[in-house]
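Welcome! Take a look at the sequence and structure, then read on.

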Amino acid sequence: MKENDVILRTVTRVVVFIILTFGVELFLSGHHNPGGGFVGGLVLSSALVLLYVVFDIETVHQGVPFDFRKIAAFGAMVSLLSGTAAAVLGKPFLSQGFGYFDLPIFGLTELATVTIFEAGVALTVIGTVVTIILSISKDV
Amino acid sequence: MEFHMTILVGILVTVAVYLLLSRNMVRIILGTAILSHAVHLLLITMGGAGEGKVPLLRESDGPYADALPQALILTAIVISFATTALLLVLAYRTYEESGSDNMNTIRRIDRE
Amino acid sequence: MYAVFIIFLPFIMAALLPATHRLIGDRLIGWYVMAVPLVLFAALIRLIPQIAGGEIVSASYAWIPDAGIDLAVRVDGLGMIFALLITGVGTLVALYSIYYLSPRESLGHFYVYLLLFMGAMLGVVFSDNLMLLYTFWELTSISSFLLIAFWYHRKGSRYGAQKAMLITVMGGFSLLAGFLMLYFMSGTFSISEIIGMRDVLAGEPMIVPAMFLILLGAFTKSVQFPFHIWLPDAMEAPTPVSAYLHSATMVKAGIYLVALFTPLFGGMEYWFWSLSIAGIVTLLWGAFNAMKQNDLKALLAYSTISQLGLIMSLLGFGSAALSASAAGDPAVYAAAGFAALFYMLNHSTFKGLLFMVIGIVDHEIGTRDIRRLGGLMSFMPVTFTFAVIGSFSMAGLPPFNGFLSKEMFFGAAVDIASGQPFAGGAEVLFPVVGWLASVFTFIYCTIIVYRTFLGPVQPEKIDRVPHEAPKGMLVAPGILAVLVILIFFFPNVIGKYVIGPAMQVMFPALSREADLVPEITAWHGVNLPLVMTFGVIALGLLLFITFRHWRRIYRVAPFRWTMDSIYRGLLQTGEAASNIVTDLYMTGRSRDYFVFIYLFFLITAGGMLFLTGAFEPDFSRGPVGIFEISFVIIMAFAAIAMLFVRSRITATLLNGVLGYSVAIFFVFFRAPDLALTQTVIETVTTVLFLLCFHFLPEWKPEDSPLRTKVVNGLIAIGAGVLVTAFGLTVQGYDVYGSISVYFEESYKLAGGSNIVNAILGDFRAFDTMLEVVVLFIAGIGVYTLIALKPKKGEDDVEGK
């Protein structure tokens, strides 16, 4: 079942990057604007799902050679361990901290440990969603 | 607005429960999906539907819409996605093994 | 610190065992294990002078301070005796097992369980906190379970393990209940403090129930009638385990418990009678049943039951010394307590010896059925000698330690009968029954020696050529045999340094050492106990010779009954009853479960809402926008249409309509994060549905009968109405202010101006973390369901 999907493929090549950028932007802006780990992760994974739909699994796997089960496990571990650091420092488990730093290029920037936690969330979401979709697709 | 929303939630719950009570696995799964929609709407309505401003401190200076139900719902959305996915796969694996999507038939096969 | 180290060394070594096993291999692992009790034994011996001087080594660390549970360890004279047994016999058993177990067995498991047991048992005897003691107590049950089921491929092993577990854990629960009652009465879990409050607690009305609950725990563990039934089945364990757990140590945990609580409960009439009667009945019943056994290990099991009954009754006799109102000299009664501890030590030596002897016979001949054995004396002279020493000691003959303790038992029973501490009258029966049981004991001891080692050889009934055991296997029983004789000649060393300190713990009211530590002499003139011993020998020999003629008695009604059938009946009835009850509601139909859930919801929640008059709906409409109301109508129609659609694709699309409408409502209600997430999630969910439809059949119209559909409809409408009623009620209810004001400080508190994300990532990060874990687990679930399904033609895991 090979359809003529040149247009779809061409469009996807461009669109995927827009979606990916949007996903990263959502993830990073979550602190002050709508976004965050969940939705960022979901948008990123939908970009990947789009790739899998348009190209076949093998082709995508060459370009994105990750084991998404491991990504999910890694993400869950990151969000768990990010809380342990606070516990080690004698604060309640999962306490987050933040501060303002004057960095070159970026200027005065706020850095918060919650970003690490959110990164774990995002990675888990990406890993899980892609794993689910891939598992079902491979079963065909 | 809350009144209308609450009536809508009641309708959604009725439909969801009726679907849950059916024998077909896909109907049951759709029932759980609708039930979570209903609960999400109920939660945000209880938090005051349409009152206040967007809970972003940089956008405005209050009064803000209640942020707590929103956080709860955000969590619930993701969880309901996870359970729906699991249920769907469970359903089709059950169908593969038993050859039926009817809960009563599956039970009979299981008891044999 | 020292004391804590003693308890935890076995656990540490058990944790290190797998790695060590890999390093040093099967041949040396037994020696590694043997080092543990040996080191501990030496450490304990080093403590003896201190303990004998009345000193108490203790340490306490906070464990769960809020609940008053501390890691409190206390080494006193009483714990010391048991600890010496645990480590001493433990060393010998480990040594013996090195030769007994073939390297083909899973030695790693065996030794880990053994070390676990050792640590748990040391924990029991050194704990000074009720909860700590209970924890270790249950751990001994668990390790015993694991060891009995060591040859788990045998049905008998599994049955015996389960039986032992059920009975001892039942007793454990009872013990826990008793401990909690003590805690509520005294306000502390510390055992030494509770014992110090003896006078206060004596006035509490609940002290008697607490006492009986604790006794039940002790009786189940120490196999008192009628809970003795698990011990014969526990003999399915490898013989070193039987020698160690099921004769020398674990079954004595109940004895320890009784001795430990003697300073608290001792002197109470209930305590005296429960212990004495349970002990005497167990003594007689065990000995009576031991005689009819054909399996040597079963015989030893019943003899262990019998002798634990004897020790228990002696503890009962001794407790009379603590009664303020009892007639007679307390020091005379206290001698019974001394006899109990002395008998217990001796029992561990001669019974351990006999178990090892039987193990050797089993190992070398391949059977332990006395109908197939006989005449082994000439083939196994050393084993035969050991058997004679062990049996004669058990029968109470000189010059073995059993003679001394048996005489002391007779003496104590006679003293109780003549002293009548509680003027019950029944005390007169104690020496009579005890004497009769000793006759039986003499008979089965003779059976062990005669039927195994004397008489005709029956080569046609055994598979192997009889020969002596390897030398290494004889070392451990040899040491025990030497001890059996040494203790006979030097009993007072043990009396002074080992039993004396324990007596001080048990009978704090009697402070004079002369009262606590009677001089043990083998020859004390012709007195009643000696005459009783002669009677035992004479009647025992007579009955042994005529055994064939009166054996029929076992077929007569009351003697034929076994507690086993009651146990089996209870188990079967319980299983059948719970099956019936479970089948009533676990129907296997998902509809029934949902019906239960929603009916419960309707009845309880709905009932509460209307009966308490809380239902005050708020019908105010408020401002309504045209967009909002149109989406309400769209959603309502989409939802109702869902009930009537014929195709699953349409249903899924309608679900999509609902989902996206929800997202739009999130926009209306100022929730941008939710709107974003809902949109993406709805897309992915729809894709998922469509993907899965590839595998699922088109749905058919619901085939339920009309009646069911009507009932379903009513339940569904009820649920919908009730939720609406709740919603309307809550809206009119504005008593408490919103807690969300706190979260509006998010920029100050969490450095973020998106309040929702600040809640998710900071204020309620724990919820989010768990949610991530749930998501991850769902992902794993999907993956395993698909990726790990059996290949076509491959059998199901359960193997149909």
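Let us begin with charge: chain A carries 7 positive and 10 negative side chains, and the centres of these two sets are 7 Å apart. Please keep in mind that this is a predicted model.

**Fold and dimensions**
- Five helices and two strands make up the elements of chain A.
- Read from the N terminus, these elements follow the order α-α-α-α-β-β-α.
- Along the principal axes, the C-alpha atoms of chain A fill a box of roughly 60 × 35 × 25 Å.

**Surface and interior**
- Chain A has 140 residues, and 46% of them count as buried.

**Contacts along the chain**
- Among the contacts in chain A with a separation of 6 or more, 58% come from residues 24 or more positions apart.

**A closer look at L108(A)**
- You can find L108(A) in strand 2 of chain A, which covers residues 107–112.
- L108(A) counts as exposed because its relative accessible area is 64%, and the cut-off for exposed is over 50%.
- Leaving aside residues up to four places away in sequence, L108(A) touches Y100(A), F101(A) and D102(A).
- G30(A) is 78 residues from L108(A) in sequence, and their C-alpha atoms are 18 Å apart in space.

Conventions. Residues are numbered from 1 along each chain as its sequence is written. Chains are lettered from A and ligands numbered from 1 in the order in which they are written. This is a predicted model: local features need pLDDT of at least 70, side-chain atom pairs count only at pLDDT 80 or more; totals for chains, interfaces and linings use all residues. Side-chain values use heavy atoms; hydrogens and water are left out. Helices (H or I, at least four residues) and strands (E, at least two) are DSSP runs, numbered from the N terminus. Buried means under 20% relative accessible area, exposed over 50%, partly exposed in between (1.4 Å probe, protein chains only). Contact means heavy atoms within 4.5 Å. Lys and Arg count as positive and Asp and Glu as negative; His and the chain ends are not counted. The place of a charge is taken as NZ of Lys, CZ of Arg, CG of Asp or CD of Glu.
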